[in-house]
Amino acid sequence: MNHLLLALAAGCLLSLPARAAEPQFALFAGGCFWCVETDFDGVPGVLETISGYAGGKSANPTYEDYVKGGHREVVRIKFDPDRVSYSTLVSVLFHTTDPTDGGGQFCDRGFAYTTAIYALDERQAMDAKAGKIKAEAELGKPIVTPVEGAAKFWPAEDYHQDFGARNPIRYWYYRNGCGRNRTVEALWGDRAYAGVNH
């Protein structure tokens with residue numbers, strides 16, 4: 001009887017569905033947060049993107065004062081690690097920006113628009129540094145995107161969230177006028193926007 005119960009219990013355990021991994025987060029700066037958000041929304045396995053500010057010294061930055069506080073525009077990405085790896089997200093960041101430009105991105109100039117990876121733990125830092133080395137080898141040029149430690153994330157105002165989806169005409173005029181796509185495609189060739197479903 002005890003053997004029968006053990007066998008039934010083992011059978012039940014084997015038939016349980018695998019437990020889904022907990023969602024994880026990435027924090028990236030890649031120039032205009034509207035564009036970074038839209039690009040990562042097109043990556044399978046990304047669950048949510050939120051535009052915001054990070055890396056500065058001031059608390060509760062707003063769109064009016066985040067530059068003065070030393071922040072960058074960033075996007076916090078919530079993702080399913082069973083569907084997309086952090087390393088893949090790092091690769092997407094590089095292939096959707098100009099990581100050789102230390103003065104900003106495209107028509108947006110200044111520190112607030114520079115690229116950066118804010119690694120939230122040691123594993124992310126290792127993966128980000130490895131991804132940077134790989135991207136440099138692909139380009140044959142130095143990549144200036146820093147891999148920094150975790151930073152406090154401050155969400156941007158509601159009108160910045162999902163801007164591309166809510167204001168598609170204004171968004172695409174801005175994106176095209178700023179030369180983002182042209183520059184990325186000229187830099188990366190057929191590897192531009194690798195991993196993004198547009």
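Let's start at Cys32: leaving aside neighbours within four places in sequence, Cys32 is in contact with Glu73, Asp108, Tyr113, Tyr174 and Arg180, where contact means heavy atoms within 4.5 Å. Cys32 is the residue that UniProt lists for "active site", in an unreviewed entry; UniProt positions are given here in the numbering used for this chain, feature names are shortened, and annotations may be inferred rather than shown by experiment.

A word on what you are looking at. This is a predicted model, in which local features need pLDDT of at least 70 and side-chain atom pairs count only at pLDDT 80 or more, while totals for chains, interfaces and linings use all residues. Residues are numbered from 1 along each chain as its sequence is written, and side-chain values use heavy atoms, with hydrogens and water left out.

Back to our cysteine. Cys32 sits in the loop between strand 1 (24–30) and helix 2; helices (H or I, at least four residues) and strands (E, at least two) are DSSP runs, numbered from the N terminus. Is Cys32 buried or exposed? Its relative accessibility is 5%, so Cys32 counts as buried, buried being under 20% relative accessible area, exposed over 50% and partly exposed in between, with a 1.4 Å probe and protein chains only.

Now let's follow the chain into helix 2. The axes of helix 2 (residues 33–41) and helix 6 (residues 168–178) come within 11 Å and cross at roughly 105 degrees. Axes here are lines fitted to C-alpha atoms, for helices over the stretch in contact, and angles run from 0 to 180 degrees between N-to-C directions. Helix 2 and helix 6 are therefore roughly perpendicular to each other, a label for angles of 65 to 115 degrees; under 35 is roughly parallel, over 145 roughly antiparallel, and the rest oblique. Which residues meet? From helix 2 we have Trp34, Cys35, Thr38 and Asp39, and from helix 6 Arg170, Tyr171, Tyr174 and Arg175.

Next, Thr115, which is in strand 6 (residues 115–118). Thr115 counts as buried because its relative accessibility is 2%. Not counting residues up to four places away in sequence, Thr115 touches several residues, including Ala29, Gly30, Arg72 and Thr145. With Thr145 there is a side-chain to side-chain polar contact at 2.7 Å (a pair of N or O atoms within 3.5 Å; within protein, one must be able to donate a hydrogen and the other to accept it, and residues adjacent in sequence count only if both atoms are side-chain atoms).

Finally, the whole protein: it has 7 helices and 8 strands, and 45% of its 198 residues count as buried.
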